[in-house]
Amino acid sequence: MHSFNLLKKSIISAARLGEVITNHGVFKTPVFMPIATRAAIKSLTTDEVKNLGAEIILSNTYHLMMRPGNELIRQAGSLHQFMDWSGPILTDSGGYQVFSLAKQRKILVDGVKFKSEIDGQEYYLTPKKVMEIQADLGSDIMMVLDECAPYPSEHKYLEESIKRNAIWAKKMKDEKKDNGQLLFGIVQGGIYDDLRKESAESLIKIGFDGYALGGLTIGEPIDNTYQIIELLNPVLPLDKPRYLMGAGRPEQIVEAVKRGIDMFDCVIPTREGRHGRLFLRNKNINLQDKNFYRAIQIANNEFSANFSPINPDSNLPELKKYTLAYLHHLFKTGEPLAQRLATLNNLEIYLNLIKEIREAIAQDNL
RNA sequence: GGGCGGGUGCCGGAGUAGUCAAACGGAUCAGACUGUAAAUCUGACGCCUUCGGGCUCCGUAGGUGCAAAUCCUACCCCGCCCA
C-alpha cells in the first residue's frame with residue numbers, strides 16, 4: 001500500500017522532502033513528533049500541541065497497555081478519541097522499555113516479560129500481543145517489537161539480538177491487517193556496520209512501510225551515530241520514510257536530515273523544558289552553523305532580572321509577553337505554569353526548526 | 001517573682017564527652033537529561049588549601065578534663081505554666 005511520497009531530494013545532501021499518508025491524514029517530512037508516552041504531552045492539551053504546529057505525536061504501547069489498558073482505549077474508540085487528537089499517532093512498541101526498564105524485564109525467545117513497576121504484575125509482550133495492542137490503540141504508525149540493546153554491546157550479543165529482532169519483525173508483519181495502519185521495522189546492530197547492514201537488509205526483505213533506526217543516541221559517541229546513518233542511507237529504500245528513533249538535540253536533527261532521515265521524536269524539548277532548560281533560536285545564524293541555537297538554564301541566577309520576553313518571535317502571546325525573569329521566578333517557586341511555558345517554548349522551537357529545515361531543503365540550502 | 005523546657009551552620013532540626021565542620025530536610029549555587037518509571041536525578045554548600053591538610057565553629061564568658069556542641073558555674077535571650 002502506498003503511504004509515502006518523496007517530493008524532493010536536496011542537491012547538496014541526502015536530505016529529502018516528503019509526505020506520509022496515514023489513516024488520520026497526511027504529514028510532511030522531515031517531521032518532529034512530540035512525545036505523549038502516556039497519552040498526554042506532559043502539561044499541555046492536545047489543542048495546544050496542535051496549535052504549536054505538531055502534525056503527528058508519539059505514544060507508547062507498553063505504558064498504555066498497563067494504564068489505562070488497551071482494552072479501555074478500544075472502548076473509547078481509539079487513542080485519538082481517548083486523548084482528543086485527530087491527527088496521526090505513532091506508537092512505539094515497548095522496545096525502548098526493554099532498554100530503559102532493563103532491571104525488570106526478561107528477554108525470551110518469543111517476546112519480553114516485564115514486571116510492572118505499578119503493581120508488580122507480569123506482562124508478556126510478544127510480537128502478536130504488541131500487534132493486538134496497537135490495533136486496539138488504533139495508531140497510524142505501529143512499531144515492531146524489538147530489543148533496543150544498550151551501548152556498548154558486544155558484537156556477538158548484537159548478532160543474536162538482531163536475528164531475534166528480525167524474527168519478531170516477520171511475525172509482526174504476518175499479523176498485520178490490511179486496515180491502513182502502517183508498520184515500521186527497526187534497524188538495530190549497535191555501532192557495527194556489518195550488523196546494521198544485515199539488520200536493515202533482513203527487514204527490507206520482509207518489507208515495511210517505513211524503516212526506523214533504533215538503538216542510537218543512547219550514549220554512543222555522536223560521530224558513530226552519524227556514521228551509522230550514513231551507512232544506512234544507501235541501503236534503505238528511497239521510497240520509504242526513515243525514522244531516527246529518540247533523537248535528538250537540535251543540531252543532531254539537522255545532521256541526521258542531511259543524511260537522509262525523515263522522522264524524529266525526542267523527549268528533550270518536553271522533559272528538559274520541565275527541568276528548566278530552555279531552547280532558543282539564535283537569529284540570523286544558518287542551520288549549518290552549530291550555534292544556530294542556544295540552551296539556557298532558566299532557573300540560574302543570571303536570569304533573575306532579565307526582563308526580555310521568553311521568545312519575542314514566538315507565535316504564542318504568552319511566550320511573547322512573559323519575561324525570562326518571570327519564568328525564572330516560576331521555576332524557583334515551583335509553579336506548574338513554569339513547566340507549561342517551558343514546554344510550549346521548547347516544542348515551538350523544535351517544530352519551527354523542522355519547518356525551517358523543510359524550507360532549507362526546498363531551496364537546496366541543506 | 002517561682003517552676004519547667006529551650007538556645008546548633010541561611011532556615012528547620014539531629015547529636016548530649018573522643019569516630020563532629022557536626023546526621024537529615026529545606027533554601028541556595030551549579031550540572032545532567034536523547035523511541036519518558038523523570039515537576040526527576042547528581043554535585044557543591046564555615047573559611048583557606050600546593051587537595052596531604054590547615055584554621056575557625058554549636059547563645060556569651062569562665063571552668064573541669066588528655067579531649068567539650070556534649071559536663072560544671074555565671075550571665076544574656078526565647079517559649080510554656082503558676083503567682
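Start by selecting the open sheet: 8 strands in the order E4-E14-E13-E12-E11-E10-E6-E5, paired in parallel. Strands here are DSSP runs of E, at least two residues long, and helices are DSSP runs of H or I, at least four residues long, both numbered from the N terminus. Two strands pair if DSSP finds at least two bridges between them.

This is a predicted model: local features need pLDDT of at least 70, side-chain atom pairs count only at pLDDT 80 or more, and totals for chains, interfaces and linings use all residues. Residues are numbered from 1 along each chain as its sequence is written, while chains are lettered from A and ligands numbered from 1 in the order in which they are written.

Now select E10 (residues 141-143) and E11 (residues 182-187). These strands run parallel and are joined by 3 bridges. Pick Ile-141: opposite stands Leu-182 in E11.

**The two domains**

Colour chain A by domain. Domain 1 is 4-101 + 127-266, and domain 2 is 277-347; such bounds come from an automatic or database domain assignment. Their centres, taken over C-alpha atoms, are 29 Å apart.

Look at where they meet. In contact are 9 residues of domain 1 and 9 residues of domain 2, where contact means C-beta atoms, placed from the backbone, within 7 Å. On the domain 1 side, helix H10 (residues 250-258) gives the largest share, 3 residues. That side has 5 nonpolar, 1 polar and 3 charged residues. Ala, Val, Leu, Ile, Met, Phe, Trp, Tyr, Cys and Pro count as nonpolar; Asp, Glu, Lys and Arg as charged; the others, including Gly, as polar.

**The RNA**

Show RNA strand B. Around RNA strand B are 46 residues, of which Glu-117, Cys-148, Gly-246, Gly-248 and Val-267 come nearest. A residue is near the strand if its C-beta atom, placed from the backbone, lies within 6 Å of it. Elements giving two or more residues to this surface are E5, helix H5 (95-100), helix H11 (268-274) and helix H14 (336-362). The surface divides into 14 nonpolar, 19 polar and 13 charged residues.

**Last stop**

Select Lys-321, in helix H12 (residues 317-321). Is Lys-321 buried or exposed? Lys-321 is exposed, with 11 other C-beta atoms within 10 Å (buried is 20 or more, exposed 12 or fewer, partly exposed in between, with C-beta atoms placed from the backbone).

Key:
Contact = placed C-beta atoms within 7 Å.
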